[in-house]
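Dear colleague,

I am passing on the structure below, together with some notes on what turned up in it. Please have it open beside you as you read.

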Amino acid sequence: MSADNGASETGTEARQVYTELAGMLRGSRAAGAPQPGEMSDEVRNWLAERRLLGPGCHGVSSPERALRELLGEQRAWLRSAAEAMGRNLRAVDDVLDLLPEFRGSGHESVEVEFIEDRDRLRRRLDEFEPVGRREVLCMRTTFPGPEVLEVSLGHDRRLLARGTEMRMLATVGATRGPGVAAYLDALREAGARVRVAAALPLYLHVVDRTVALMPAGDDPLGGDGDVLLRSSRIALCFAQVFEHEWDVARPYPGGAGRTGRAAGPRPADEYTEQEREILALLATGTKDESIARRLGCSERTLRRMMTRITEKLEVGSRFAAGARAARLGLID
């Protein structure tokens with residue numbers, strides 16, 4: 001007899017036994033209804049696991065009471081699991097933040113890989129997970145067509161949902177390509193930060209400041225293939241180039257900006273309930289750790305959300321964000 005068939009037969013027998021025992025609750029116990037000690041171990045355990053028999057397998061519980069007990073236990077377990085998960089996520093973030101400090105200063109080999117197929121390239125980048133993908137820096141002098149952007153958007157959203165910090169820097173001319181505005185707007189809505197510049201020195205992709213990706217030829221979209229460089233030193237050099245260009249770039253105006261919205265912080269109805277909650281907590285001086293715990297996210301994810309809020313408010317600090325949010329009526 002298979003285990004599944006045995007479990008099914010035990011469940012059927014246990015339900016019949018419980019029906020007879022339940023008669024005691026109504027004062028009409030059927031003749032010959034078994035006592036807990038007279039049941040088989042399988043039936044007794046089946047009923048006890050479902051809280052239909054009381055502690056020590058004595059006393060019969062109604063289905064309503066059993067359900068309340070099960071739900072109460074599950075609620076307590078989920079609450080404990082969520083707290084443990086929060087502690088573990090914060091511990092992982094703290095350890096990951098320390099990783100660069102342990103990289104040696106001696107000779108470092110550089111792994112160079114030439115890849116012609118873009119699908120293979122995406123799979124190759126995915127191999128750096130699950131430890132990787134804390135940060136992705138993108139510098140774009142052009143964009144592919146709408147079909148490719150749609151596929152990229154789904155992939156980027158999954159990264160952002162896992163807490164990856166993503167920054168996209170593009171030339172103003174590149175943002176005018178077909179489907180690019182919708183892609184960048186959706187990317188920002190998913191949590192990425194986007195800025196634009198009049199010109200950029202190269203087409204670049206840096207992952208976790210350990211991997212750099214760039215076109216092998218003159219075609220920035222990889223028509224001549226791509227070069228993948230695995231070297232923290234080289235990737236850090238390119239990351240510094242990105243940071244310099246990022247600092248002098250300006251926030252991407254998005255779809256609203258291209259339809260003639262005046263410069264300045266966004267109106268109150270463009271802020272989500274979560275963003276309003278963060279602003280209200282900041283205004284009361286709540287620490288980042290407490291805010292992250294309340295929102296159920298890591299501190300790194302919270303910092304990414306706060307950066308986006310300050311960009312929307314067009315301010316440079318948390319204090320200024322709170323002051324401007326109060327003037328805009330975003331907080332009580």
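Asp156 is a buried residue of this predicted model, because its relative accessible area is 9% and the cut-off for counting as buried is under 20%. The residue belongs to helix α5, and, once residues up to four places away in sequence are set aside, Asp156 touches Met166, Tyr183 and Leu187. Asp156 also has Ala190 at 8.6 Å in space, C-alpha to C-alpha, although the two are 34 residues apart in sequence.

Helix α5 covers residues 146–161 and helix α6 covers residues 180–189, and the two pack with their axes 10 Å apart at an angle of about 10°. Helix α5 is therefore roughly parallel to α6.

A second residue to look at is Thr10, which lies in helix α1, spanning residues 3–22. Thr10 counts as buried because its relative accessibility is 17%, and, leaving out neighbours within four places in sequence, Thr10 is in contact with Glu42, Val43 and Trp46.

As for the protein as a whole, there are 12 helices and 8 strands, and buried residues make up 41% of its 332 residues. Of the contacts between residues at least 6 apart in sequence, 69% join residues that are at least 24 apart. The protein exposes about 18800 Å², of which carbon and sulfur atoms supply 53%.

Some care is needed with confidence, since this is a prediction. The mean pLDDT of the protein is 76, and 73% of the residues reach 70 or more. Among the elements, strand β3 (residues 165–171) has the highest mean pLDDT, 91, whereas helix α8 (residues 254–258) has the lowest, 50. Over residues 256–263 the pLDDT stays under 50, and for this stretch the model has 7 contacts beyond four places in sequence.

With best wishes

Methods: Residues numbered from 1 in each chain as written. Predicted model: local features only at pLDDT ≥ 70, side-chain atom pairs only at ≥ 80, totals over all residues. Heavy atoms only, no water. Helix = DSSP H or I, 4+ residues; strand = E, 2+ residues; numbered from the N terminus. Buried < 20%, exposed > 50% of the residue type's maximum accessible area, 1.4 Å probe, protein only. Contact = heavy atoms within 4.5 Å. Areas by Shrake-Rupley, 256 points an atom, 1.4 Å probe, with all protein chains shown as cover. Axes fitted to C-alpha atoms, helices over the stretch in contact; angles between N-to-C directions. Parallel < 35°, antiparallel > 145°, perpendicular 65-115°, else oblique. pLDDT = per-residue confidence, 0-100.
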